[in-house]
Protein chains: 2
Amino acid sequence: MSDTTCPVEGLLKMFAGKWKSQIFRLSVDGPLRFNALLRQIEGSNKQSIAVALKDMEEQGILEKVVVTQKPLHIEYNLSEKGRAFVPIFQQLESTFF
Amino acid sequence: MSDTTCPVEGLLKMFAGKWKSQIFRLSVDGPLRFNALLRQIEGSNKQSIAVALKDMEEQGILEKVVVTQKPLHIEYNLSEKGRAFVPIFQQLESTFF
DNA sequence: TTTGATAGTCATTAATTTCTGACTGATTGA
DNA sequence: TCAATCAGTCAGAAATTAATGACTATCAAA
């Protein structure tokens with residue numbers, strides 16, 4: 001859309017959508033897996049979770065890793081950039097909630 | 001919806017919608033007026049601005065003031081709570097943008 | 001070898017959000 | 001007194017987002 005590099009707008013765009021904040025919160029506790037997320041986040045669905053994961057990956061919040069070991073699966077890990085949000089959200093929490 | 005007092009979810013809910021972040025940013029510079037906003041925020045419309053202002057007022061970010069002087073008009077001012085967001089967004093800006 | 005799990009995609013439908021245009025009613029300046 | 005400005009509301013249409021269900025393809029265990 002427009003150019004304006006507004007931090008509020010930027011943040012809002014990054015975590016926009018119904019499921020991203022929940023996915024983010026879960027990602028802080030450890031790597032995520034697609035089907036596990038689907039079970040953990042009640043009311044969610046494949047399509048939306050898939051889109052949210054792809055978005056967050058493209059924004060560099062999550063990193064998709066194909067684990068080529070043992071049972072061969074895919075993991076989504078919180079990136080450095082993603083981790084940098086944590087203290088800000090903590091400050092937010094202590095200020096408003 | 002659910003109970004979970006998640007700061008990300010909370011923030012997102014507070015600034016949800018197409019126009020709230022722009023309204024917020026403008027409110028930092030001084031009091032807002034309905035028709036002026038409509039002109040300043042290009043692409044916006046009465047209905048959406050009215051709803052956004054009402055929401056932000058209910059969330060305690062803005063305060064509606066009827067100025068019973070001279071030309072008699074209505075102002076929306078950034079509240080204490082609203083102002084508390086400013087340093088957080090600044091931190092956000094310096095970290096990510 | 002059949003079953004179940006993982007990790008998705010795709011097209012369609014449903015739900016939610018936003019926009020448009022018409023209207024209201026008070027105030028103010030010419 | 002007439003026109004314009006301000007600050008909205010409301011119903012319906014349009015646009016955007018999210019959900020459903022069917023389908024694909026790989027892997028592993030029984």
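Predicted model: local features only at pLDDT ≥ 70, side-chain atom pairs only at ≥ 80, totals over all residues.
Two residues are taken to be in contact if their C-beta atoms, placed from the backbone, lie within 7 Å.

**Stop 1. Chain A as a whole**

The C-alpha trace spans about 45 × 35 × 30 Å along its principal axes. Of the 97 residues in chain A, 23% are buried. Among contacts between residues at least 6 apart in sequence, 42% link residues at least 24 apart.

Next, select residues 6-97 of chain A, which UniProt lists, in an unreviewed entry, as "domain: HTH hxlR-type". The end C-alpha atoms of this span are 24 Å apart, and the span is 59% helix and 13% strand.

**Stop 2. The contact between chains A and B**

Now display both protein chains. The contact between them takes 21 residues from chain A and 21 residues from chain B. On the chain A side, helix 1 (7-14), helix 2 (20-28) and helix 5 (80-96) are the elements that give two or more residues. Helix 5 of chain A contributes the largest share, eight residues. Coloured by class, this side of chain A shows 13 nonpolar, five polar and three charged residues.

How are the two chains related? Chain A can be laid on chain B by a turn of 180° and a shift of 0.0 Å along the axis, with an RMSD of 0.0 Å. This is the relation of a two-fold axis. To locate the rotation axis, select Leu12(A), which comes closest to it among the residues of chain A, at 3.2 Å (C-alpha). Because 100% of the interface residues of chain A are also interface residues in chain B, the copies meet through the same surface.

**Stop 3. The nonpolar cores**

Select Ile23(B), Ala52(B), Leu53(B), Met56(B), Ile61(B) and Leu62(B). These belong to the largest nonpolar core, which has 18 residues, and they touch the most other members. The elements that give two or more residues to this core come from both chains: helix 5 of chain A, together with helix 1 (7-14), helix 2 (20-28), helix 4 and strand 2 of chain B. Centre the view on Leu53(B); not counting residues up to four places away in sequence, Leu53(B) touches Ile23(B), Leu62(B) and Tyr76(B). A second, separate core holds 17 residues, among them Trp19(A), Met56(A), Phe85(B) and Leu92(B). In soluble globular proteins, nonpolar side chains tend to be buried together.

**Stop 4**

**Stop 5. The surface near DNA strand C**

Turn to DNA strand C, which has 18 residues around it; Asn35(A), His73(A), Gln47(B), Ser48(B) and Leu72(B) come nearest. Here helix 3 (34-40), helix 4 and strand 2 of chain A, together with helix 4 of chain B, each supply at least two residues. The residues near DNA strand C divide into five nonpolar, nine polar and four charged.

**Stop 6**

Remain with Leu72(B), which lies in the loop between strand 1 (62-67) and strand 2 of chain B. Its phi is near 50°, a positive value in a residue other than glycine. Is Leu72(B) buried or exposed? Leu72(B) has 8 C-beta neighbours inside 10 Å and therefore counts as exposed.

Then select Leu72(A), in the loop between strand 1 (62-67) and strand 2 (73-78) of chain A. Phi of Leu72(A) is likewise positive, near 50°, and Leu72(A) is exposed, with 8 other C-beta atoms within 10 Å.

**Stop 6. Val65(A)**

Finally, select Val65(A) in strand 1 of chain A. Leaving aside neighbours within four places in sequence, Val65(A) is in contact with Ile74(A), Glu75(A) and Asn77(A). Pro31(A) is 34 residues from Val65(A) in sequence, and their C-alpha atoms are 9.5 Å apart in space. Val65(A) counts as exposed, with 12 C-beta neighbours inside 10 Å.

Conventions. Residues numbered from 1 in each chain as written. Chains lettered and ligands numbered in written order. Helix = DSSP H or I, 4+ residues; strand = E, 2+ residues; numbered from the N terminus. Nonpolar A, V, L, I, M, F, W, Y, C, P; charged D, E, K, R; others polar. Least-squares fit on C-alpha atoms with pLDDT ≥ 70 in both. UniProt positions renumbered as here; feature names shortened; annotations may be inferred. Core = buried A, V, L, I, M, F, W, Y, C linked by C-beta atoms within 7 Å. Buried ≥ 20, exposed ≤ 12 C-beta atoms within 10 Å, placed from the backbone. Near = placed C-beta within 6 Å.
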